[in-house]
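Colleague: I have a chain open here and would like to talk through its fold with you. Could we start with the overall picture and then go into the helix packing?

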Amino acid sequence: MRTFQWSHELKIGHPRIDEEHQLLLGLIGDVEERLEGVGAVPADAAEIYQRFLIFLRSHCDFEEQLMRDLPSRYVQRVSSHCRNHGQLMHEARALLPLLTAQTSKAEVLEYFRRAIISLTRDLIMDDSELVGILLREHHLVLMPDGGGESELRLS
Ligand SMILES: [Fe+2]
Ligand SMILES: [Fe+2]
């Protein structure tokens, strides 16, 4: 069972960020599923988690690129968001050895679930504020397209 199933409620209103969060949660869920049941952690759990780490880094880089274009009055918020990305990456990387140490699934699953609850909260919380700022600064405009989606306009 996946702790986080992607749903519209997790959307924050930026098409690419939402799409990437969905992908990231999907990869975490794939790892979680491989930790269910009995026996040793399968080798592909670490492979999937490594893909998650690489994608998480590029996701954070994309957001940081968006933030660099914001007016200087947001400098403190931007640096705190970037600092949180650093912390998030650090915590996420710390989980990898758990998946490669030939431990039993049961040992890893509970710890992994607890860690991803806090990772996911950190992943999405700051981003809601970022989207608010992008809208306020007209770096993003909401353009309903019939499906309730917004569309990105780079300025
Ligand atoms: Fe994000
Ligand atoms: Fe972020």
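Colleague: How many helices and strands does the secondary structure of the protein chain come to?

Modeller: Bear in mind that this is a predicted model; in it the protein chain has five helices and zero strands, and the pattern along the sequence reads α-α-α-α-α.

Colleague: And what box do the C-alpha atoms fill?

Modeller: Taken along the principal axes, the C-alpha atoms fill a box of roughly 50 × 35 × 20 Å.

Colleague: What share of the residues count as buried?

Modeller: The protein chain has 155 residues, and 25% of them count as buried. As for the contacts between residues at least 6 apart in sequence, 71% join residues at least 24 apart.

Colleague: Switching to packing: how do the axes of H1 and H2 cross?

Modeller: Helix H1, residues 15-34, and helix H2, residues 43-68, have axes that come within 9 Å and cross at roughly 160°. Angles over 145 degrees count as roughly antiparallel, and H1 and H2 are therefore roughly antiparallel to each other.

Colleague: Left-handed or right-handed, that crossing of H1 and H2?

Modeller: The crossing of H1 and H2 is left-handed.

Colleague: Which residues make the contact?

Modeller: On the H1 side they include Ile17, Leu23, Leu24, Leu27 and Val31, while H2 contributes, among them, Ile48, Tyr49, Phe52, Phe55 and His59.

Colleague: How do the residues of that contact divide into nonpolar, polar and charged?

Modeller: The contact of H1 with H2 has twelve nonpolar residues, one polar and six charged; Glu20, Asp30 and Arg34 of H1 also belong to the contact, as do Asp44, Arg51 and Glu63 of H2.

Conventions: Residues numbered from 1 in each chain as written. Chains lettered and ligands numbered in written order. Predicted model: local features only at pLDDT ≥ 70, side-chain atom pairs only at ≥ 80, totals over all residues. Helix = DSSP H or I, 4+ residues; strand = E, 2+ residues; numbered from the N terminus. Buried ≥ 20, exposed ≤ 12 C-beta atoms within 10 Å, placed from the backbone. Contact = placed C-beta atoms within 7 Å. Axes fitted to C-alpha atoms, helices over the stretch in contact; angles between N-to-C directions. Parallel < 35°, antiparallel > 145°, perpendicular 65-115°, else oblique. Left-handed = near helix turned anticlockwise from the far one by under 90°. Nonpolar A, V, L, I, M, F, W, Y, C, P; charged D, E, K, R; others polar.
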